[in-house]
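Please look at the sequence and the structure together before reading on. The report after them goes slowly from one part to the next.

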Amino acid sequence: MTERVLVVGELLTDRLSGSTVEAIGAGARLAGGASSVVGFLAGATARSRAPEFGRYGVTEVAILEDPACEGAPVAALVTAVVAAATELGTETILLAGTSFGRDLAGRLAARWGATAATGVTEITRVGSTLELRRPVFGGRATETRRIEGGRAVLALRPHAFPSATEAPCETRLRPIVAPAVPELLRAAHRTGLEASPGGAGPGLAEAAVVVSGGRGLRAPENFRLVEELAAALGAAVGASRAVTDAGWRPSSLQVGQTGKAVSPQLYIAVGISGAIQHLVGMMSSRVIVAINSDASAPIFKVADYGVVGDLFQILPALTNEVRRVRGQ
Amino acid sequence: MEIVVCVKPVPEGETRLRASADGASLDPEAVKFVLAGYDESAVEQALLLKESLPGSKVHAVSLGPAPRTEEVLRAAIALGCDAATWVDSGPAASPDPIDVARALAAALAPLPHDLVLLGKQAGDDEEGLVPAALAEFLGVPDVGHVVDLRWDAGRSRFTFRRAVEAGQETWEAPAPLVVALQQAWNDPRTAKLPAILKSRKVPIARVPPVALVPGVGRSQSVRFELPPPRSGARLVDFQTPEQAAEKLVKLLREEAKVFP
Ligand SMILES: Cc1cc2nc3c(=O)[nH]c(=O)nc-3n(C[C@H](O)[C@H](O)[C@H](O)COP(=O)(O)OP(=O)(O)OC[C@H]3O[C@@H](n4cnc5c(N)ncnc54)[C@H](O)[C@@H]3O)c2cc1C
């Protein structure tokens, strides 16, 4: 049985999001090859950007050229994704695990008669049964859920799946005709965007490397030590709540129970004690490094590597070393 | 304004987790379930709106088993919610999230709702699926990652901000609306003792479990595992900061293989 898998693409200004490329890879493994993956794109540029799927061996892309899909609630997108999935007869839709995919998953599943899961880190298929693993309780436990047949919408945890391999090919377009979305569902709309400072770097949720600073930095002006290391690593900047509550940095950078949950390949915690509310936001990172002057700080219990020392000495040295090794 | 706030009993933050005897889900024995995290800020947001708009009512709704679900509803009433509805899930350990949304929607549809507030995800399963699915079943638009929700009475619109990867978006929307809140930006209040005592006497409406809709995709939890305890960090020993940096980078490149 060649089951096709639909991957809903998330477009950044210059490329498909990294999580989308991971979803293509996961879809290819699930469906037995990238040629069984069908892409989906919506928006005014859907047609011109569809070939970006072709880079990864995806031969067909369903497109909805509706400019109204941008800056509108996802409800507008759902109708078209469902139309595409129905046309293709697919049972599985994969999404990037960024806020884009997480926002879409619930409504899409409800409309399509599917189940859904987010933060998925593993998918295995046995016959028509899918088994998923996903971290719960902020990485303090892992649950396995089983779907015995039927439709499924799965949003993948960023970095949990390897990116699709590049295998450029021609892509066929499949324009989707979607029924009009009721006015009511279009009523919410965006009126403005204020880019976050450091918006040039990768977003926190998607970044492969995150460098976070805590109260140990002592003053807002010292936080640049964290930002310089992040810049050298091409990493996103995060912060503990002590930092965002004090107003040193905006709350959009806060990692933890009441901030963002991140799961990068590498998480570097600088001057962060490791309160449980912080840990639940970063504990499922692949490798954790802690830099702290207090050897008994709880962060060292969850870290893989630790440097017990004064961050004001360690950070500049580390930034220099990173620059040297990366040839900057 | 008629506000509905959906809450979920979750294990208290520091609870020690343990798998149930069959290994399929969390063992609820010895776990203290509370109103927590995002749900607390959802209740706080509901109460802030109620206070700013005279004549408003807040109705708390929760789905789950006895007795924990009734307990969190009483906690919500003690904080200032006016009424509560308990959707009895029966003893099912971890129902499908879309089924949960379907059952909540059925319970909520007959209640007046200009605004339905939820936390963006629960602190236990972290699915974050219920708000949007609930909105779909209600036929109402939804927005997620919301902070700082206000009602602009002059223009009859909600205004709010959304924290997304790219930055802060500003949005507006008319009622009815389903809103999933991003984080505890609003410093939730705590209940006063007299209110806690009074909340014990407030009647809570109970909705029996709804039958599962056949023919839709559905998932169930089959394993719940705790990671082996972390052995603790390997400490880099060093004489100078330069040496620490050099050793750390070498470990990340050659051993952990995560150096970008
Ligand atoms: C309901 C609730 C929700 C919360 N949500 C979150 C959340 O989402 N995210 C979050 O982060 N927190 C959250 N918190 C707060 C959390 O409990 C901690 O207070 C917070 O994480 C502490 O931040 P910190 O580690 O930066 O500061 P501290 O705990 O003060 O730690 C500072 C660390 O810096 C070290 N240090 C000091 N000087 C140096 C130096 N020169 N060199 C190296 N190290 C140094 C110290 O040894 C110490 O370990 C929440 C709390 C509550 C009650």
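What follows describes the surroundings of the ligand, then some helix pairs, and finally a few backbone details.

This is a predicted model, in which local features need pLDDT of at least 70 and side-chain atom pairs count only at pLDDT 80 or more, while totals for chains, interfaces and linings use all residues. Residues are numbered from 1 along each chain as its sequence is written, chains are lettered from A and ligands numbered from 1 in the order in which they are written, and side-chain values use heavy atoms, with hydrogens and water left out.

**Around the ligand**

There are 26 residues around the ligand, and the ones that come nearest are R215(A), S240(A), T258(A), S273(A) and N292(A); a residue belongs to these surroundings if one of its heavy atoms lies within 4 Å of the ligand.

The table lists polar side-chain atoms beside the ligand; a polar contact is a pair of N or O atoms within 3.5 Å.

| Residue | Ligand atom | Distance |
|---|---|---|
| S240(A) | oxygen | 2.5 Å |
| T258(A) | nitrogen | 2.7 Å |
| Q277(A) | oxygen | 2.8 Å |

Taken alone, the ligand exposes 990 Å², and the protein buries 75% of that, with accessible areas coming from the Shrake-Rupley method with a 1.4 Å probe. The elements of chain A that give two or more residues to the shell are α7 (241-245), α8 (276-279) and α10 (311-325); such helices (H or I, at least four residues) and strands (E, at least two) are DSSP runs, numbered from the N terminus.

**Helix pairs**

Two packed helices are described by the angle between their axes and the distance between the axes. Axes are lines fitted to C-alpha atoms, for helices over the stretch in contact, and angles run from 0 to 180 degrees between N-to-C directions.

How do α10(A) and its partners lie? Helix α6 (residues 224-233) of chain A packs with α10(A) at an angle of about 20 degrees, with their axes 9 Å apart, which makes α6(A) roughly parallel to α10(A). Angles under 35 degrees count as roughly parallel, over 145 as roughly antiparallel, 65 to 115 as roughly perpendicular and the rest as oblique. The axes of α10(A) and helix α6 (residues 241-255) of chain B come within 8 Å and cross at roughly 50 degrees, and the two are therefore oblique to each other.

**Backbone details**

Most residues other than glycine have a negative phi, and most peptide bonds are trans. A cis peptide bond joins A66(B) and P67(B), with omega about -5 degrees, and P67(B) lies in the loop between β4 (57-64) and α2 (68-79) of chain B. The peptide bond from A175(B) to P176(B) is also cis, with omega near -5 degrees, and P176(B) is found in the loop between β9 (167-173) and β10 (177-181) of chain B.

Key
Polar contact = N/O pair within 3.5 Å; in protein donor to acceptor, adjacent residues only side chain to side chain.
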